[in-house]
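Thanks, everyone. Let me put the model up, and then I'll walk through how its parts pack.

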Amino acid sequence: MTQLNTRVLLARRPAEQLQASDFAVDAQPLAPLQANQFRIRNLYFSLDAGFRQWMNEGSDDNYLSSMPLGEPVQSIILGQVEESRHPQYPVGSVVVGRTAWEQFSVADGSDLMSIIEPDPEVPLHEYLCSLGPAGITAYFGLMEIGKPRAGDVFVINAAAGGVGAIAGQIARAQGCSTIGIAGGETKCRWLLDTLSYDKVIDYKSGAPLAEQLQLAAPDGADIVFDNVGGSMLGTLLGHLAENARVVLCGAISQYDKVDGHEGVANMWQLITKRARAEGFMFSDYTERYPEALDYLAGLLKADQLVSPVNISEGVESAGQAFVDMLEGNSLGKCLVKI
Ligand SMILES: NC(=O)c1ccc[n+]([C@@H]2O[C@H](COP(=O)([O-])OP(=O)(O)OC[C@H]3O[C@@H](n4cnc5c(N)ncnc54)[C@H](OP(=O)(O)O)[C@@H]3O)[C@@H](O)[C@H]2O)c1
């Protein structure tokens with residue numbers, strides 16, 4: 001019997017807020033492999049907020065192209081090579097790379113593909129969480145751009161999400177005083193109790209964010225780790241300490257804006273506070289991944305890192321799980337288990 005590949009396609013361009021109905025599920029027979037290709041049985045999909053940006057029409061940029069309609073949705077995956085015509089990717093290899101929401105992917109070693117050697121003491125899914133792109137992003141964003149020093153006031157938004165949960169804990173381990181911004185009382189309580197943030201700000205509480213920031217960080221933030229962009233970033237720029245570092249990691253409040261991102265206020269503060277703001281992509285640091293992974297695995301094995309994860313089951317669940325992640329309905333890194 002022909003083996004089928006269940007896939008989740010981008011069925012239509014999202015009209016601003018993404019809906020699960022923007023996706024469709026199909027099943028296609030597996031195609032034979034060409035020379036230098038290998039077939040991966042996907043075990044987990046990583047749900048990464050940034051991919052929402054490339055679902056928009058005309059969103060091509062220097063990093064990725066706009067996702068084509070009718071094709072499986074692009075995603076970072078973790079899987080195992082099941083069939084191979086590629087000498088460097090033998091059958092049985094466990095790989096992480098960028099393919100798509102599908103049961104089986106055909107790859108050629110490009111697109112961030114790499115073989116990992118899973119540590120039997122570490123749950124496999126961790127290689128998409130603290131030991132995967134989320135952890136690597138948190139590590140290099142903070143260490144390379146944030147440049148933490150003991151006693152720094154560190155402020156981060158989307159603090160309870162995949163990147164945020166790890167970045168906040170690294171900042172704490174570096175001796176910073178940590179302030180997490182998240183939506184809702186339950187999430188904020190969890191940030192204090194489970195992730196040991198020093199202070200929290202509930203940006204959905206109704207109290208103006210600027211006032212809450214003034215109370216939590218009266219002398220300003222030495223490091224801002226921004227995952228949100230837009231007006232929240234503008235407000236944060238209004239609360240910098242002198243010589244602050246602003247880590248431009250993501251702009252989740254803007255990905256739904258099909259007519260382009262809105263402007264950011266308070267840029268003048270970067271001048272008067274002698275501050276620096278710098279963007280980055282985690283893949284800039286491919287050569288240095290081992291450094292991040294050693295550091296993060298060390299914290300994890302010493303029980304000094306909580307790695308919260310929210311796992312949905314089944315290829316078909318990916319669309320709704322992605323929408324839930326964007327809407328903040330979960331804690332920590334969001335994955336789909338196949
Ligand atoms: N530069 C890089 O290489 C790189 C790599 C990976 C990720 N990123 C960026 O890192 C950020 C986090 O990504 P992730 O995949 O880990 O997602 P995530 O943080 O697990 O999930 C997104 C979170 O964003 C918050 N959020 C959603 N809309 C918001 C809004 N309008 N205002 C404020 N908060 C909002 C929600 O939390 P609340 O409930 O608190 O609102 C939600 O839980 C994204 O901006 C992503 O693009 C960058």
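Start with helix 1 against helix 2. From helix 1, the residues Ala134, Gly135, Thr137, Ala138, Tyr139, Gly141 and Leu142 meet Gly162, Val163, Ile166, Ala167, Ile170 and Ala171 of helix 2. Contact here means C-beta atoms, placed from the backbone, within 7 Å. By class, this contact has 9 nonpolar, 4 polar and no charged residues. Nonpolar covers Ala, Val, Leu, Ile, Met, Phe, Trp, Tyr, Cys and Pro; charged is Asp, Glu, Lys and Arg; the others, Gly among them, are polar. Helices are DSSP runs of H or I, at least four residues, numbered from the N terminus.

This is a predicted model: local features need pLDDT of at least 70, side-chain atom pairs count only at pLDDT 80 or more, and totals for chains, interfaces and linings use all residues. Residues are numbered from 1 along each chain as its sequence is written.

Now geometry. The axes of helix 1 and helix 2 come within 8 Å and cross at roughly 45°. That makes helix 1 oblique to helix 2. Axes are lines fitted to C-alpha atoms, for helices over the stretch in contact, with angles from 0 to 180 degrees between N-to-C directions. Under 35 degrees counts as roughly parallel, over 145 as roughly antiparallel, 65 to 115 as roughly perpendicular, and the rest as oblique.

What about helix 1 and helix 7, residues 289–301: at what angle do their axes cross? Roughly 100°, with the axes coming within 10 Å. So helix 1 is roughly perpendicular to helix 7. Gly135, Ile136, Tyr139 and Phe140 in helix 1 meet Tyr289, Ala292, Tyr295 and Leu296 in helix 7. That contact has 7 nonpolar, 1 polar and no charged residues.

Next, domains. The assignment, automatic or from a database, gives domain 1 (4–129 + 307–337) and domain 2 (133–283). Their centres, taken over C-alpha atoms, are 27 Å apart. 20 residues of domain 1 are in contact with 16 of domain 2. The domain 1 side divides into 9 nonpolar, 7 polar and 4 charged.

Last, the ligand. Of the 31 residues around the ligand, Gly50, Gly161, Gly162, Gly250 and Gly328 come nearest; a residue is near if its C-beta atom, placed from the backbone, lies within 6 Å. Helix 1 (133–146), helix 2 (162–173) and helix 8 (318–326) each supply at least two shell residues. Domain 1 and domain 2 each give at least three. By class, the shell has 18 nonpolar, 11 polar and 2 charged residues.

How values were computed
Contact = placed C-beta atoms within 7 Å.
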